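Let us read a structure together, one question at a time. Have the sequence and the 3D view ready.

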Amino acid sequence: MISAFFIFNQKGEVLISRLYRTDFKRSIADVFRIQVVSNPDVRSPIITLGSTSFFHVRVNNLYVVAVTKTNANAALVFEFCYRFINICKSYFGKMDEESIKNNFVVVYELVDEINDFGYPQNSEIDTLKTYITTESVVSAIQAPEVSSRITAQATGATSWRRNGDDVKYKKNEAFVDVVEVVNWMGSSKGTNLRADVDGHIQMRAYLSGTPECKFGLNDKLVIDRSTVGLSGPSSGLADRGGSDAVELDDCQFHQCVRLNDFDADRSISFIPPDGEFELMRYRATSNIKLPLRVIPTVTEIGTTKVSYDITLKTTFSPKLSATNIVVRIPTPLNTTDVDVGILGTGKAKYVPAENVIVWKIPRLQGGQECSLSAMAQLTSTTTRQVWARPPIDIDFQVLMFTASGLIVRFLKVFEKSNYHSIKWVRYLTKANGGYQVRVSVFLS
Amino acid sequence: MSQPGQDAKFFQRGKIEEFRAELHAAEAKDKKFVKRKTVLKKIVANITMGTDMSPLFPDVVQCLGTPLLEIKKMVYLFLVSYGRSKPDQIHLVIPNFLQDCNDRNPLIRALAIRTMSYIPIPVVTEALSDNLRHALKDRDPYVRKTAAICVAKLYSADPRKAERGGFVELLRDLMLDSNATVVANAVAALSEIGDRQDGVIFKLNLATANKLLAAIPESSEWGQIYILDSLLRYVPERHADAEMMAERIIVQLQHGNSAVILTTIKALLYLMNYMENRQLIDYICKKMGPPLVTLLSSGPEVQYVALRNILLIIQRRPTVLKNDVRVFFCKYNDPIYIKLAKLEIMYRLARAENAKEVLAELQEYASEVDLDFVRKAVRSIGRLAIKVEAAADDCIQALLDLIETKVTYVVQEAVIVIKDIFRRYPGKYEGIIPNLCENIDALDEPEAKASMIWILGQYASIIDNADELLDDLCYTFLEESTEVQLALLTATVKLFVYKSRADKAKELVHKVLKWATEEADNPDLRDRGFMYWRMLAINPTVAGEIVLSEKPPITTDSDRMDRGALDQLLLHTGTLGSVYHKNPETFIRNAAGKALKDSPALNAHSRAVLIPLARTQLPSIAPIVVAGPGPTERSTEPQTQSSSVAPSPPSKTDNDTDLLTQSQPVPTSQNSSSNDQDEAEDDEPPHTRQANNLDPYSNLDNAFGSYLADEPRPMASRRHAEEDDLLF
């Protein structure tokens, strides 16, 4: 298990150091600094020297590092690092050198609490916040009765939620955000090499008491099941049921969801944590609706020029629009200057530092298209530099649209005190860094 | 009211004397203990920065009287850091600890035993023992779950004492606790103890395993991992037991924590060895695929762990992810370690049906910038040609296109794989030899050079100017690496056999033989030189038959890890060992090895290839102590090899849960000769194997030379043994 836990800044200075076991001294940190921080070519998140292994995760120029001398569960170690990062973000609003240094005493309390002898312990933020706080006023020694409530929660079956009596809202509200990250790799010939959706459903629950929630999606397996009773699975009805239902390749749930229920009838039932949490993650690969189409034509003219013609089309309904579109078009490494012209909306400029043309379009309505044409001037070089022809990358967001076609059918909230609750659902599809089309260069 | 902390200013190196003075000053007129808090923060910041603050021990301890939890926690942190180095002063704090152990507040009680157990020196453990016994039966579950881990700490400090104190039994009782968190921590502690070479053996019987399973839904995600992990300590006696258990845990595959998923998969893979129901096995395999793919949406670190594991899983259970090669296509901005891992999986999943797609991807990668990645992509194209006959033509064309680019490292890789393709498909692609010969000058790496030389020698009869080319290459014979020298030696002999009439060939072979036998220092080279020389001298015809004898065909079978080794490695799914594809005992000192345990339910094939646990250990060496900042510590001798007599567990109580048994059954591998075809997906018949095959991976490296050179691995293998342990 984890023997030591560190946070380093970019210079390799130790911001937090906690030894859980006696098999290391603090100076083991120096080994990490030499092997990883000052090594320009780190090619693995795990480094093993002798029997000692360093696991590291980078976040905002910080290194979160766990050290072990055993055959540790690598997935667990990384999940622990991720969780720690999330806890810090929740406590301090961000996770960077400044926030860690400014709150190092709390961080030490946290690392003592969420890990014992290298074994991760309760790390539910909602619970932690009841007894580890940034306000020193509250950290005065609490009454034993209060503590007992806390300990019951920290070790209980619903460790993610405070005792029902402690949660009170005037207005019971639940916000559901369905966020889909759509990944696409288009070949230079215009075919789809891969299209998939990583979805996650983020929930903000401001519900009094201990509410029991039931959540329904247009999950193909659920809908098929309910239509099977009406007609045979092969009949037209079932097909129709399937046409607006989505086929999820896989779902993963927050700790609070009863997996046995899901396994039995794919129902999603749970007692939510108070406040914001990720209810589920899912993956879909069939019938992905790609909101944007990109048609690139790249032509090398001799050895001194490359011309670009890029057309962007939206494929969704005119009622919706894509926003914050950023198209990044790589240029050869020996580009000196680029002339850009745009048909339609947006602004484009050449960023020499990154060797890309950045084309920003604030908004593009459904069914519209726009295009860019550019001419890159190259310096003539004697040695041919290797240019990997990176793909064109497009980032964007489309509100009230899901690339997978997923819809929230219902969210039912039950609580014994029979109260009203208001539910809100939003959909967002976005691409960040994974929506790409490869280019092939034509010679002329 | 929550104010962001403003404590960054305390990260300044300070002097012991100043801090001491400030602490003394704070004793008077310290409203709300603000001053003390400030000094303590400075001290903690200095500990963090690596300054030795231990001289402040008596002064800091004085602060324990302050009724402020924040201060208490800082003092405790100080004690955890320096307590061990102050055995003569630690008695000062014992009364405070004892008081806290009996506090009415459960959080304080837990904090006290947790902190005490972090200071493994006799004075403290002595004081802890009694309190720990109470804490293990505390009415508050939080205290009990903390106490469970304390036992593991106590055990690691002094195993025999912990056993004498009856703590192991108390821990075992906690496995039946009503609170799932307590159960999970008890399991974690027992597992830690059971993994020690001198520890009490920890095994589960069916009843207890079932009880643990029942605790899973109520456990925290970490607790679920500890419990799932412990299922490997249960050996199913009947197929039905294994099947029932798998059905109960399979729902955990839907959990959001990747470690829960991988540990569930580990347990499922393990249990499948004891199953009979083919349908269920297929079902489980089908269920494992999607969660594994979903792990690829996690952070890159978890993706990496997942990919390395997938590579093992698909070798053992080929139906898993069989149709999902696309999800392993590399993204342009994937970190390099992920790209390399994906490439390997793509190759494994390549079949005639998807070879075209895979090849198109590989060609794309071959034009990227990262050297390692490009080389591996090029090499994969060649391996694909060898693996999938239907794709061979396209692969060859792709390699020729790559050679056209004249990028040196691409050309070199291409030459290396083409050599193997020639061997795989004799008489089919020799027509491309002229394309290769054009690029001889580009080759500067030994492996590529040696491959080219092999081609020249092997096909000297159809290469008109082979003699000239070899002659050119021989100019630098004495400066070449052994690999190239050996290749040149053999190639010139072949040339001579083909063209024994030609003066040039005669002259060349003579020159090389002379160099090899008279000038070379390498004994292999010299021996081979003598051998050829004598063969040619005694009977040139027979020599020719020997040198040009038919070569065994190259297949890709040999780069698949063998079944027994896989079964064993998969017991470590999700762990470091699975990332490196090495059994932990081979690279981690004192790591516990694992082996499948024989039982009536173990399927016959698994039994036939079972690799019994070798009780080998890394050589024991004296610890190297490097003086670093910080107090000097009591150095512990590395555990010497435990005697074969298992340590007897303290006073074996005979109750219904027989968890701790004294003897460990040594699996016998050769007691079954029934050759059931247990696995449709693994169609090789169970071959008889030597009981003690020392190196189960021996056939891994054959077909592709140093192909695995860039495999991730622990770095120790390249270093001196003395540096093996980092005792800083």
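Trainee: How many helices and strands are in chain B?
Mentor: Keep in mind that this is a predicted model. Of the 728 residues of chain B, 59% count as buried. As for its elements, chain B has 0 strands, and its helices number 32.

Trainee: In chain B, what share of the contacts between residues at least 6 apart in sequence join residues at least 24 apart?
Mentor: Contact here means heavy atoms within 4.5 Å. Take the contacts in chain B between residues at least 6 apart in sequence; the share joining residues at least 24 apart is 70%.

Trainee: How many residues of H4(B) are buried?
Mentor: Start with its length. Helix H4 of chain B covers residues 69-82, and 14 residues at 1.5 Å each should span 20 Å. Its end C-alpha atoms are 20 Å apart, so the span agrees. H4(B) is largely enclosed by the rest of the structure, because its buried residues number 13 of the 14.

Trainee: Is B:Lys31 buried or exposed?
Mentor: Find B:Lys31 in the loop between helix H1 (16-26) and helix H2 (34-48) of chain B. The cut-off for exposed is over 50% relative accessible area. B:Lys31 has 75% relative accessibility, so it counts as exposed.

Trainee: What separation lies between the C-alpha atoms of B:Lys31 and B:Leu436?
Mentor: Along the chain, B:Lys31 and B:Leu436 are 405 residues apart.

Trainee: Which strands stand at the edges of the open sheet of 3 strands in chain A?
Mentor: The order is S12-S10-S22, with antiparallel pairing. An edge strand has a single partner strand, so one side is left without a neighbour in the sheet. That picks out S12 (268-270) and S22 (408-414) of chain A.

Trainee: How many disulfides does the whole structure have?
Mentor: A disulfide needs two cysteine sulfur atoms within 2.5 Å. A:Cys81 is in no disulfide, with the nearest cysteine sulfur, that of A:Cys88, 11 Å away. The sulfur of A:Cys256 is 8.3 Å from the closest one, in A:Cys213, so that is too far for a bond. Over all chains, the number of disulfides found is 0.

Trainee: What is the relative accessible area of A:Cys81?
Mentor: Buried means under 20%. A:Cys256 is buried at 4%. A:Cys81 is also buried, and its relative accessible area is 0%.

Conventions. Residues numbered from 1 in each chain as written. Chains lettered and ligands numbered in written order. Predicted model: local features only at pLDDT ≥ 70, side-chain atom pairs only at ≥ 80, totals over all residues. Heavy atoms only, no water. Helix = DSSP H or I, 4+ residues; strand = E, 2+ residues; numbered from the N terminus. Buried < 20%, exposed > 50% of the residue type's maximum accessible area, 1.4 Å probe, protein only. Expected span 1.5 Å × (residues − 1). Pairing = 2+ DSSP bridges.
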